[in-house]
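Please look over the chain shown below before reading the notes that follow. They go from the overall make-up to single residues.

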Amino acid sequence: MKAGRKQWIGLAVLVLPVLLISVDLHVLSYALPFISAGLAPSGSQLLWIIDIYPFMLAGLLLPMGTLGDRVGRRRLLMAGAAAFGAASAVAAFSPSADLLIATRALLGVGGATLMPSTLSLIRNMFHDDGQRRIAISIWTGAFAGGAMLGPLMGGALLEHFWWGSVFLVNLPVMALLLILAPLLLPESRDPHPSRFDLPSMVLSLGAILPMIYGIQHIAQEGFGWPPLLAIVTGLALGVAFVGRQRSMTDPMLDVRLFGSRAFTAAISANTLGVFAMVGSSLFTTQYLQMVMGARPLVAGLYALPSAGMAILAAGLAPVLVRKIRPGLVVCAGLLVGAGGFALLSRLDVTGQTGLLITGIMLMAGGVTLVLTISSDLIIATAPPERAGSVAGLSQVATEFGGALGISLLGSIGTAVYRRHLSDAGAPASALDTLGGALESARHLPEPAGTALAGAAREAFAQGQHYAMISAATGLCLMALLAPIMLRSVRRASRPQPRPDHSGRHVVR
């Protein structure tokens, strides 16, 4: 059955939280230098300020998707909007790095109730394959819209207000969602819901957080027993989580879905694409402001070409999969994205504007093309009554990939940065973050201050080089696998006219 006007207007409401999540991510990236100056976090704390939010999302999306199937997806969406707004207000006024990490964790809890509801409602509002594909491309394009709006909004706010103002922009969006959702969105739930499994939720969080703790502390302090033990603990809890899902009659995560090579390829491409794109933003935003010296608003303007390319790619994806096999389109998108990262790896302290803009445009366009197609392939596998849990799985891939990108690529960059700066004889106060090094340089007499700032910028550029090469390598490897694993997925077909009982032809 075709969706009507109300469903398309409802889609606009569902785009609001997606747009907000994207805005929030990019706004925070541009606020990092101000957070570094205002709260003086360590390198590990800075990564946790960014990471804790998407990792809480990744750990809670599956249980929240299941909860939405049980209590109602619209109801969960509205509860999440209220919680997200409240946590944003608290985060804006955090006086310390530790409290900001805690409030970002609360934001992750609220956000975990928003994202599965949006995709599962789309699945239940748009039953026609062609319309659903277009709806998901609009949904994906909202991330690109947030990438364009976030830097501009963040730049304008940070020109005139303190860093906490970037969290307050969430409040009017959440208020609008609370007003419009009851009017325009249908309620839907699983008529035979599974029980909410608290042990699975604990295991999913327990598997994720210790591993990231271990990875970040190895980058900061080198190999040691505490971080290695944390990684082993996380892996063991992950194995326990999978084993529990296999043994349950109605699991939170149906691991049998991964028996399909196409489904596994779609999840993998989605995760790796977000891993590379979000991880790179940790470097490009700091590069613009602390290496090139751009003011926040000017730095935000640099994001416009890449955001426009991402919007174009999201709109082009449904057209391409009607003419070309999805596996080949995904492969091409991954290779284009890898080319963008290869260009970004060549940036140095001289500030190569053309290289930067070209690199982030190719990266954004290629990865967005992959995300749009993979999101549709994941959702298309879901029966309507389990849409929430499968939508949650799709978002786990997205959020986990983004957080893992920040953590792993950030840890690679941090390790290289610390090694190069240590070799240059920099003081310990400069070894955690580039922002900390520049702050230390301002308090040193000349020429020592200028020398430290130059050495720190050079060390950051070296860390960025290795992180971007790592991202490009991962995308190239996935590009080799995608056509093979997705070869069973055929081109999308156009709706065909069929005769009804009266002999007339109608499109169904």
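Contact here means heavy atoms within 4.5 Å. Among contacts in the chain between residues at least 6 apart in sequence, 83% join residues at least 24 apart. This is a predicted model, in which local features need pLDDT of at least 70 and side-chain atom pairs count only at pLDDT 80 or more, while totals for chains, interfaces and linings use all residues. Residues are numbered from 1 along each chain as its sequence is written, and side-chain values use heavy atoms, with hydrogens and water left out.

**Overall make-up**

- The chain has 17 helices and two strands, where helices (H or I, at least four residues) and strands (E, at least two) are DSSP runs numbered from the N terminus.
- Of its 508 residues, 57% count as buried, a term that stands for under 20% relative accessible area, with exposed meaning over 50% and partly exposed in between (1.4 Å probe, protein chains only).
- The accessible surface of the chain comes to about 19800 Å², and 67% of that belongs to carbon and sulfur atoms; such areas come from the Shrake-Rupley method with a 1.4 Å probe, and for residues only the protein chains shown count as cover.

**Nonpolar core**

- The largest nonpolar core has 132 residues, of which Phe 167 and Phe 341 touch the most other members; a core of this kind is a set of buried Ala, Val, Leu, Ile, Met, Phe, Trp, Tyr and Cys residues joined through side-chain atoms within 4.5 Å.
- Helix H10 gives the most to this core, with 17 residues.
- Residues up to four places away in sequence not being counted, Phe 341 touches Ala 276, Met 277, Ser 280, Met 363, Met 468, Ala 471, Ala 472 and Leu 475.

**Aromatic pairs**

- A search of the whole structure finds three aromatic pairs, for which rings of Phe, Tyr and Trp (its six-membered ring) must have centres within 6.5 Å, with planes under 30 degrees apart counted as stacked, over 60 as edge-to-face and the rest as tilted.
- One of them joins Phe 93 and Trp 162, whose ring centres are 5.5 Å apart with planes at 35°, so the pair is tilted.
- Because Phe 93 lies in the loop between H3 and H4 and Trp 162 in the loop between helix H5 (129-160) and helix H6 (165-168), this pair ties together parts that are 69 residues apart in sequence.
- Phe 93 is exposed, at 54% relative accessible area, whereas Trp 162 is partly exposed, at 37%.
- The rings of Phe 283 and Phe 460 have centres 5.9 Å apart and planes at 45°, so this pair is also tilted.
- Phe 283 lies in helix H10 (residues 261-291) and Phe 460 in helix H17 (residues 448-485), so the pair ties together parts 177 residues apart in sequence.
- Phe 283 is buried, with a relative accessible area of 4%, and Phe 460 likewise counts as buried at 8%.

**Gly 80**

- Gly 80 is placed in helix H3 (residues 73-91) and, at 0% relative accessibility, counts as buried.
- Leaving aside neighbours within four places in sequence, Gly 80 is in contact with Gly 110, Thr 113 and Leu 114.
- The C-alpha atoms of Gly 80 and Gly 110 are 4.9 Å apart in space, although the two residues are 30 apart in sequence.

**Cis peptide bond**

- Most peptide bonds are trans.
- A cis peptide bond joins Glu 446 and Pro 447, with omega about 5°.
- Pro 447 is found in the loop between helix H16 (434-442) and H17.
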